[in-house]
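Here are my notes for you, written as numbered points. Keep the picture open while you read.

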Amino acid sequence: MKKIFCILLVACAMMSCVTSRKVNYMQEPGKHKIPAYADTLDFEEYKIRPNDRLYIYVYSLDEKIMKMYNAGTGSTSRAQMQQQMMSGGGRTTSELYTYLVDKEGNIDFPTLGKINVLGLTTRETKHKMEEELSSLLKEIPGYSTISVEVNILQRTFSLIGVKSGQFPIRKEKLTIFEALAEMGNLQTYSDRSRVKIIRDINGETTIREFDLRSKDIINSEFYYIEPNDIIYVRELTGKAFGLTSAGAVVGVVATTLSFGVFVYTIVATGINHVKKHSGSSTSNQTSE
């Protein structure tokens with residue numbers, strides 16, 4: 001019984017240990033049931049959607065035009081805007097000097113009225129704004145060429161599950177591994193084999209699942225994070241009994257064995273005492 005108990009204990013401890021194959025990234029597909037992904041990587045620039053908030057700044061050699069279109073966005077305010085674009089925050093201030101895309105995809109811009117930007121990239125919106133403004137302002141005496149800067153504010157992604165939070169997207173092409181670095185990596189007990197991304201695609205909410213440990217992910221649709229993505233990572237099964245190192249396994253096994261031997265000794269002593277007492281009683285009854 002002691003041998004069977006020891007074997008079962010060691011087996012359970014090893015099964016609950018969090019091994020490197022459960023947490024390491026860039027593993028070769030096929031090994032340890034790591035899936036392979038088709039080469040579907042095709043990065044597309046983000047296209048403006050309803051409820052996006054655009055920061056638009058007009059450049060011109062004419063100070064009157066600059067003041068007219070950039071009212072309230074002087075050098076200090078503009079610096080604050082750029083900081084907010086990098087951090088993904090500053091909602092209260094940014095709302096004062098930015099343009100909300102309505103449900104039809106329009107923004108309401110001074111002198112131009114409603115302009116539809118739905119489905120356009122920021123570069124396409126920039127060119128459209130420059131064309132619209134140039135067409136309007138070229139009739140003004142002394143007109144000088146203008147340039148428009150367009151950025152999307154509050155670009156973020158969210159993480160839920162074993163670790164939750166909302167994080168800013170600080171660059172145009174943010175990869176899944178850069179996103180992990182941004183949020184401080186996943187916890188040891190995070191299940192990297194079944195990561196889900198909730199993503200809006202053409203107005204439809206989709207859920208995609210992938211194995212974050214696979215090397216093939218760098219060529220897949222999961223490699224780049226898009227604004228408003230929600231990443232869901234659940235806990236590994238049996239976290240409560242999980243062990244993170246061989247040393248921990250040995251320690252648990254040794255402690256449990258010691259406790260088992262202690263319990264076994266007490267039980268065996270009790271049984272022997274009962275047998276001895278029972279034997280003495282039987283001998284006395286026989287002699288009588």
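1. Let's start with Tyr-223: its relative accessible area is 17%, so Tyr-223 is buried (buried means under 20%, exposed over 50%, partly exposed in between, with a 1.4 Å probe and protein chains only). A word on the source: this is a predicted model, where local features need pLDDT of at least 70 and side-chain atom pairs count only at pLDDT 80 or more, while totals for chains, interfaces and linings use all residues. Residues are numbered from 1 along each chain as its sequence is written, and side-chain values use heavy atoms, without hydrogens and water.

2. Tyr-223 also belongs to an aromatic cluster, together with Tyr-25, Phe-177 and Tyr-224. Ring pairs here mean Phe, Tyr and Trp (its six-membered ring) with centres within 6.5 Å; planes under 30 degrees apart are stacked, over 60 edge-to-face and the rest tilted.

3. How many aromatic pairs does the structure hold? There are ten aromatic pairs. In one of them, Tyr-69 and Phe-109 are stacked, because their ring centres are 5.5 Å apart and their planes are at 10 degrees.

4. Buried or exposed: which is Tyr-69? Tyr-69 is buried, at 4% relative accessible area, and Phe-109 is buried too, at 2%.
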